[in-house]
Amino acid sequence: MTEYRHEYKYMIDAGQKAVLKLRAQGVLERDAHAGADGAYLIRSLYFDSPDDACFYENENGDDPREKYRIRFYNCDASRISLECKAKRRGMTRKTACPITRGQCERFMAGEIPEPDGEVSPRQPAMFAQMRLKSLRPVVIVQYVRMPFVCDAGNVRVTFDDSIASANDIAGFLQPEIPLRSVLGTGESILEVKWDELLPSYVKEQMALDSLQWTSFSKYYLCRKYNCCGGVRV
């Protein structure tokens, strides 16, 4: 079973981002999965219950809590995964399984498809939990991620830019969809993840003690500011 990890998030502005990216390059390695520019595009479809339990659990800081999403990268819909991200005692754990395009389309339509154990043995349990909670798709979240890694502590430092939301659930798998930015000009989210120990040189190099910590997820931000008046839709 995947272990729980530490995960801290920080709101940073354009100036901080420029400095911290240079600092990260000095002590961390580029993620091998990133493109030539050191980044990749992430698009996720998030789910919530009819009473928006996931949204309010995040807003209230409830612990434990979990949320489900479907995700693919760089607009390549040939590889799609269903993920459950759980939070407990301030730490996070991600469980994932591949799904077919057909299954994804059923999820997009508000249905929970039948699991296929040949695709992944995790599907039956994950699908059953989604059905139990009456989860349905509510918002698309898209952003550009620049990741850095470090073997010591299994550290992962990511800069998430161009964070945007979309309501066109039916267009989730399309290369281009209408998007709305949810952060101010130049704002980004820095995420730092590690297992048991965050090396002191990483903490000092990234000046984490001086940054603005945030508990809100990108899902929460995209739903909260999903229309011009800042009202959830």
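At 47% relative accessibility, N74 counts as partly exposed, a class that lies between buried (under 20% relative accessible area) and exposed (over 50%), with a 1.4 Å probe and protein chains only. N74 sits in the loop between β4 and β5, and its phi is near 50°, a positive value in a residue other than glycine. The model is predicted: local features need pLDDT of at least 70, side-chain atom pairs count only at pLDDT 80 or more, and totals for chains, interfaces and linings use all residues. Residues are numbered from 1 along each chain as its sequence is written, and side-chain values use heavy atoms, with hydrogens and water left out.

**Overall fold**
- The protein chain has six helices and eleven strands, taken as DSSP runs (H or I of at least four residues for helices, E of at least two for strands) numbered from the N terminus.
- With a radius of gyration of 18 Å, close to the 17 Å of the globule rule for 233 residues, the protein chain is as compact as a globular protein of that length; the radius is taken over C-alpha atoms, and the rule is 2.2 Å times the number of residues to the power 0.38.
- Of the 233 residues of the protein chain, 48% count as buried.
- Among contacts (heavy atoms within 4.5 Å) with a separation of 6 or more, 69% join residues 24 or more positions apart.

**Nonpolar cores**
- The largest nonpolar core holds 25 residues, of which I70, L82, I99, F107 and F172 touch the most other members; such a core is a set of buried Ala, Val, Leu, Ile, Met, Phe, Trp, Tyr and Cys residues joined through side-chain atoms within 4.5 Å.
- At least two residues of this core come from each of β3 (40–48), β4 (65–73), β5 (76–88), β6 (91–99), α3 (101–108) and α4 (123–132).
- The largest share, four residues, is supplied by β5.
- A second, separate core of 20 residues includes Y10, L20, V157 and L190.

**Strand β6**
- T95 is placed in strand β6 and counts as buried at 19% relative accessibility.
- Beyond its neighbours within four places in sequence, T95 is in contact with L82, E83, C84, R122 and M126.

**Backbone exceptions**
- Most residues other than glycine have a negative phi, and most peptide bonds are trans.
- S134, in the loop between α4 and β7 (136–150), has a positive phi of about 55° although it is not a glycine.
- The peptide bond from D63 to P64 is cis, with omega near 10°; P64 lies in the loop between α2 (53–60) and β4.
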